[in-house]
Amino acid sequence: MDKKELLDKLNQVKSGALSPEEMLLELKHAPFDDIGYAVIDKHRGVRQGFGEVIYGAGKTGEQIAGIAENLYEGGARNILITRMAREKADFVAGKLDLWYHEMSGIGVVGRQERPLVGHVVVAS
């Protein structure tokens, strides 16, 4: 549910066309997007501090790209893909901006560098 849809729904509650209970139910399901082969949790980052991770070993390249694209269109960046074979990475890279490390099988869609902030302590 994007901002416009949310405002429309809230106006429906205000006008009485939608009950508060119905709105609550819609909000409960809003963070999840069912795309047939996967249910994507778009609010995981808000709740857990790190967004959805795509496990690539059990998925096709098309499925990985579809999930990553869905997350990216929802505003996610630094979308982590684990256990992704080179063939799948090549497919995803043909559709999305993918950084891929072959030895680890890790890919990142929408990679954004973040400034290093904080302190490092090395204790032995």
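Strand 4 (residues 79-82) and strand 6 (residues 106-109) run antiparallel and are joined by 3 bridges. Strands here are DSSP runs of E with at least two residues, helices are runs of H or I with at least four, and both are numbered from the N terminus. This is a predicted model: local features need pLDDT of at least 70, side-chain atom pairs count only at pLDDT 80 or more, and totals for chains, interfaces and linings use all residues. Residues are numbered from 1 along each chain as its sequence is written, and side-chain values use heavy atoms, with hydrogens and water left out.

- An open sheet is formed by 4 strands in the order 3-4-6-5, with mixed pairing.
- Its edge strands are strand 3 (54-55) and strand 5, each pairing on one side only.
- Two strands count as paired if DSSP finds at least two bridges between them.
- Strands of a sheet pair through backbone hydrogen bonds, either parallel or antiparallel.
- Ile79 has Val109 of strand 6 as its bridge partner, and Leu80 stands opposite Val108 in strand 6.
- Strand 5 (residues 98-101) runs antiparallel to strand 6, with 4 bridges joining them.
- His101 stands opposite Ile106 in strand 6.
- The hairpin of strand 5 and strand 6 has 4 residues between the strands, and Gly105 takes a positive phi near 70° there.

**Helix 5 and strand 5**

- Helix 5 (residues 86-93) packs on the sheet and touches strand 5 and strand 6. Contact means heavy atoms within 4.5 Å.
- The direction of helix 5 makes about 165° with that of strand 5. Axes are lines fitted to C-alpha atoms, for helices over the stretch in contact, and angles run from 0 to 180 degrees between N-to-C directions.
- In strand 5, Leu98 and Tyr100 form the covered face, while Trp99 and His101 form the uncovered one.
- In a regular strand the side chains alternate between the two faces of the sheet.
- Ala89 lies in helix 5. Ala89 counts as buried because its relative accessibility is 1%.
- Buried means under 20% relative accessible area, exposed over 50%, and partly exposed in between (1.4 Å probe, protein chains only).
- Not counting residues up to four places away in sequence, Ala89 touches Met84, Leu98 and Tyr100.
- Ala89 and Gly61 are 28 residues apart in sequence, yet 7.1 Å apart in space, C-alpha to C-alpha.

**Helix 4 and Asn70**

- Asn70 sits in helix 4. Asn70 counts as buried because its relative accessibility is 12%.
- Leaving aside neighbours within four places in sequence, Asn70 contacts Asp33, Ile35, Ile40 and Lys42.

**The largest pocket**

- The largest pocket has a volume of about 620 Å³.
- Lys42, His43, Leu71, Gly74 and Ala76 are the closest to its centre among the 26 lining residues.
- A pocket is an open set of points on a 1 Å grid where a 1.4 Å probe fits, with protein on both sides within 12 Å along at least five of seven lines; lining residues have an atom within 4 Å of a point.
- Strand 1 (32-34), helix 3 (44-48) and helix 4 (61-73) each supply at least two lining residues.

Definitions and conventions:
Grid points are joined across faces, edges and corners, and a volume is the space filled by probe spheres set on the points.
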